[in-house]
Structures are given as C-alpha cells and as structure tokens.
Amino acid sequence: MMENDEKQIFDELIVEKYKQKLKQISSDEQDDYLLFNPEKSSTKIDDNLQVFKDYLALATTQFEKSLQTNNDRFLKPSSDYSESNEIIFDLNNKAKQLQKNNVEVFNATIGSLYNEDGSLFTFDSFYKAFDEISREDKSRYCDSIEGSKLFLDSLYNHINQNNNINTYHKEIATVGGTGALSISFSLFLNDNQYILLPQTGWSNYDAIAKNYNLKPMYYSLTDKDNNIDIMDMMLKSLQIIKKQHKLVIVINDPCQNPTGISLSQNDWKLLIEYFNRLEEYGNVIIINDIAYIDYGYKNPFEYLSNFNRMADNVLSVITYSCSKAVSSYGYRVGMALIVSNNEVEVNRVFNCFKRKTRCYYSNVNNGFMLAYGKMMKDYKQLYLQELNYAVDMLKKRSDCFIEQANINNLPVYPYKEGFFITVKVIDDEKLDMINEKMIENNIFAIKVAKGIRISICSLNLEQCKKLPALISKIYKEVIND
C-alpha cells in the first residue's frame with residue numbers, strides 16, 4: 001500500500017496525464033473522455049479535471065475498503081479461494097506412509113480396484129491393444145472434438161449391449177466421468193437454482209454444484225428401516241420443479257458411490273413414469289452417473305430400457321467412466337451419452353457439450369480412445385473374461401464384509417453391488433467421533449454424509465473379514481458413550 005506522500009504524487013501525475021489527453025483532442029471528441037459533461041459550460045476541461053480528481057479519490061477509497069473485505073482483488077466475488085483439501089488423497093498418503101513402517105493399516109480410502117496382493121488391478125486386454133497403437137497415433141490430436149468414432153461406437157455398443165436403448169442418442173468423449181458430470185451441471189440451470197443430489201453421495205457433486213453457483217437439495221435413498229426407498233427422491237423432485245419449473249436430478253446408479261445401493265428395474269420404471277407426469281410443472285433432466293456399472297453383479301445394463309419410455313419433457317445424460325471400466329484411472333477418459341425421444345433436443349444438448357469441451361480441454365486422450373476401440377474389436381473376449389474375474393473378486397470381498405458386519409451388528413446401508421460399502425451413522429457428532437477413532441486405530445476410510453465409506457475394492461479378502469469387527473467395536477464405544 002502507498003504512503004500518503006507517494007499517493008499524492010501518483011494522483012497528481014494521473015491528473016496531469018488526463019489533462020494533457022483532453023488538450024490533444026478536438027472539442028467534439030472530448031465527450032468520449034469526459035467523466036462530467038455539463039450541458040452548458042465553457043470550461044469543460046477545468047470542470048472535468050475537478051470531477052476526475054474527486055472520482056480518483058473515491059475510487060481509491062473504495063478499492064482500499066474492498067481489500068479489507070473477503071473479496072479478493074483479482075477473483076470474481078463468487079470465487080471460492082479457500083484452501084482445497086483433498087481428504088481422500090491425504091488419508092491415502094498417510095496410510096501408505098504407515099504401511100512403509102510395517103504398521104498394520106486398513107487403507108479403505110481410494111476407489112480403485114486392487115488385487116489380493118495389494119497391486120493395482122489392470123487389464124491385459126487393454127494394454128495389449130494400447131501397445132499396438134503407434135507412438136505417432138498416441139501423440140496426435142484426435143481427429144474430432146467429440147472423440148474417436150471407433151471409441152464412441154465401441155463404448156455405446158458396450159453400454160447398449162442388450163439393445164436396451166431404442167431412442168435418439170448422441171455420444172461425446174469427456175475428460176473422465178467427472179468431465180461429463182461437470183459439463184452436465186453447467187448446461188441446464190441458472191445461478192442459484194436448485195439441483196437435486198443424493199444425500200449420501202459422492203462429495204464431488206457438491207463441489208461441482210458450488211463451482212456453477214447451484215444450490216444443492218438432497219434426497220435420501222433409504223427409509224427409517226434402512227430399506228431402499230425412492231419416495232424421498234420423488235417428493236423432493238416435485239418440490240423443486242414446482243418452484244423453478246425445471247428439475248435436474250443426479251442419480252448414481254447402479255453400484256452407487258458410496259453405499260453400493262442399486263435401484264431395481266421396478267424402481268426405475270416408477271421413476272420414469274413419475275418424471276413423465278411432472279410435465280405440467282416443467283422439464284426434467286436426469287444425470288445418470290454410471291461410473292461403476294461394469295462391476296454390477298447381475299444384468300447391470302438392463303434398467304436402461306426404461307429410458308425408451310421418457311416423455312418429451314424428460315431428457316437424460318448418462319455419464320460413463322473409462323477409469324473404472326478398464327482400471328486406468330490416470331488416463332482421464334469418459335463419455336456422455338445424451339438420450340431423449342426428442343431428436344432436436346438431443347442435437348442441441350450435444351452441440352452445447354461440444355462447445356464446452358472445446359473451451360475446457362479441446363478433446364481427450366487420443367491414444368486411449370484408439371486403444372479402447374481396438375480392445376473391443378480384437379480383444380473383447382479377453383476383456384470380458386478379465387472383467388468377470390474382477391467382479392468375482394469384488395463379490396467375494398463384499399459377501400465377506402456384509403457377513404461379518406451382520407455378525408458384529410455393524411449397521412451398513414443396503415449394499416447390493418459395487419466398489420463401496422458404507423457404515424450408517426445418522427448423528428453427525430457421533431459420525432465425527434467414530435471417524436476420528438478409526439484413524440487413531442489406523443483404519444482409514446472416507447467420512448461422507450451420514451456414514452463412513454469403506455472401499456472394499458482396495459482391501460483384500462482377509463481385511464474384509466477382519467475389519468467389520470474392529471469398526472463395530474469403535475462404533476459401539478461411541479454410540480453407547
């Protein structure tokens with residue numbers, strides 16, 4: 001900040017420059033530069049010099065005041081410039097450090113699939129295809145913003161493997177499933193409108209909503225008896241659409257992160273019919289996050305047939321993550337699948353997606369897309385065999401964990417399939433205490449709304465057998481205190 005003497009010299013210099021500028025231009029042009037223009041004045045320059053001095057003093061005062069508030073001098077007022085804490089990565093790193101010191105650690109933080117020996121699970125089928133892609137092709141841009149045609153066709157056919165989708169659709173490659181979600185959040189709502197999210201859900205939904213100045217409202221997926229229940233979702237949907245005449249709802253299904261809940265075919269049938277009947281109030285956009293769909297235990301793609309029954313007031317964006325599909329988390333590739341019975345609307349949303357991707361990141365990893373297409377063309381059977389092996393490994397872990405949770409009276413959300421099981425804790429204060437005690441005992445998991453997420457995908461079978469009893473002991477100590 002300038003001292004008073006420096007500030008006075010600086011102000012005088014600016015005023016002198018302004019005075020010189022006014023003298024250099026014609027009388028007719030001066031209007032463009034004047035801060036004060038009296039209708040009848042023979043002393044335009046002198047009048048305006050005084051106004052300019054007053055204006056400069058006021059602007060300086062306002063600027064100095066602004067620096068004393070929470071507003072940053074460079075960022076726009078809505079910017080969140082608080083420190084960003086990535087708790088999952090922080091806890092994962094802490095757990096890894098303890099493991100190096102030969103301390104028994106349960107690292108149930110990261111949502112990545114690991115083998116029984118603790119190594120990251122990878123697909124030979126993918127890397128066989130990847131290694132056959134030339135260095136030049138890996139290095140070049142993709143030939144279109146929306147992504148490689150072979151990649152998009154291969155992935156759509158994989159998602160629609162049972163020919164469930166028989167309506168208008170378009171696909172576009174994105175930077176991971178997160179990229180598909182982020183762009184979806186940005187397209188449909190204005191600032192300060194409501195978006196409907198799962199109460200116990202992926203925490204990044206809230207971060208993305210905040211980034212676009214959206215207000216989250218939350219629905220519960222279970223009733224008071226811990227049964228899967230879509231009634232709260234339906235009631236909150238009605239509440240929002242009556243208020244703002246548009247509903248954007250995020251449904252992470254099947255294999256929900258963090259609970260492992262999957263809705264039934266009948267649940268989806270009821271939801272689509274319900275959304276259709278909301279037509280008198282407005283339009284509905286379903287953002288269906290299917291990041292973990294490939295790890296469903298039985299016919300996980302079957303429910304997609306319900307999207308064929310959407311009315312004209314309903315559109316869906318299905319977001320897919322290749323990170324999980326081929327266990328290649330660092331390549332950051334995903335896809336958005338836009339589905340509606342209205343072809344015009346599908347094309348419009350696709351065009352908006354395409355412009356956003358061009359603005360945000362141009363297009364995605366060309367080498368990955370070519371390798372995925374080649375894998376599905378030349379190594380599909382090997383890929384499906386490996387995927388079945390991974391699903392079987394995951395199911396053994398989940399069966400073991402749920403069995404031990406039941407034996408030890410550890411309450412968990414009604415898990416069906418997927419990477420995660422979540423301990424159910426409704427009281428927020430007790431939740432914090434349980435989470436802290438788990439960390440003290442070298443049990444690293446992720447606290448979420450109304451629960452603690454256990455990544456069984458990153459634990460081995462023996463750990464899944466031991467862990468429920470250890471958590472149950474902590475749970476009972478806190479709850480009964």
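## Strand E9, covered on both sides

A residue counts as buried here when its relative accessible area is under 20%. With that in hand, let's look at this predicted model, starting at strand E9, residues 420-424.

Why do the names on each side skip every other position? In a regular strand, side chains alternate between the two faces of the sheet.

E9 also has a partner: it pairs with strand E12, residues 451-455, in the antiparallel sense, over five bridges. Across that pairing, Ile421 stands opposite Ile454 of E12.

## The cores

Ile454 turns up again inside the protein. The largest nonpolar core has 101 residues, and Ile454 is one of the four that touch the most other members, along with Leu113, Phe151 and Phe275. Helix H14, residues 380-407, gives the most to this core, with nine residues. Apart from it lies another core, this one of 26 residues, including Leu197, Val250, Leu315 and Val317.

Phe151 is worth a stop of its own. Leaving aside residues up to four places away in sequence, Phe151 touches Ala173, Cys322, Val333, Gly334, Phe368, Met369 and Tyr372.

## A buried serine in a loop

Is Ser328 buried or exposed? Ser328 has a relative accessible area of 4%, so it is buried. You'll find Ser328 in the loop between helix H11 (322-325) and strand E8 (334-340). Again setting aside residues up to four places away in sequence, Ser328 touches Tyr127, Cys322, Ser323 and Phe368. Cys322 and Phe368 are also among the residues that Phe151 touches.

Now for the loop between strand E5 (246-252) and helix H10 (265-277), where Pro254 sits. A cis peptide bond joins Asp253 to Pro254, with omega about 0 degrees. Pro258 lies in the loop between E5 and H10 too, and the bond from Asn257 to Pro258 is cis, with omega near 20 degrees.

His245 is exposed, with a relative accessible area of 52%.

Conventions
Residues numbered from 1 in each chain as written. Predicted model: local features only at pLDDT ≥ 70, side-chain atom pairs only at ≥ 80, totals over all residues. Heavy atoms only, no water. Buried < 20%, exposed > 50% of the residue type's maximum accessible area, 1.4 Å probe, protein only. Helix = DSSP H or I, 4+ residues; strand = E, 2+ residues; numbered from the N terminus. Pairing = 2+ DSSP bridges. Contact = heavy atoms within 4.5 Å. Core = buried A, V, L, I, M, F, W, Y, C linked by side-chain atoms within 4.5 Å.
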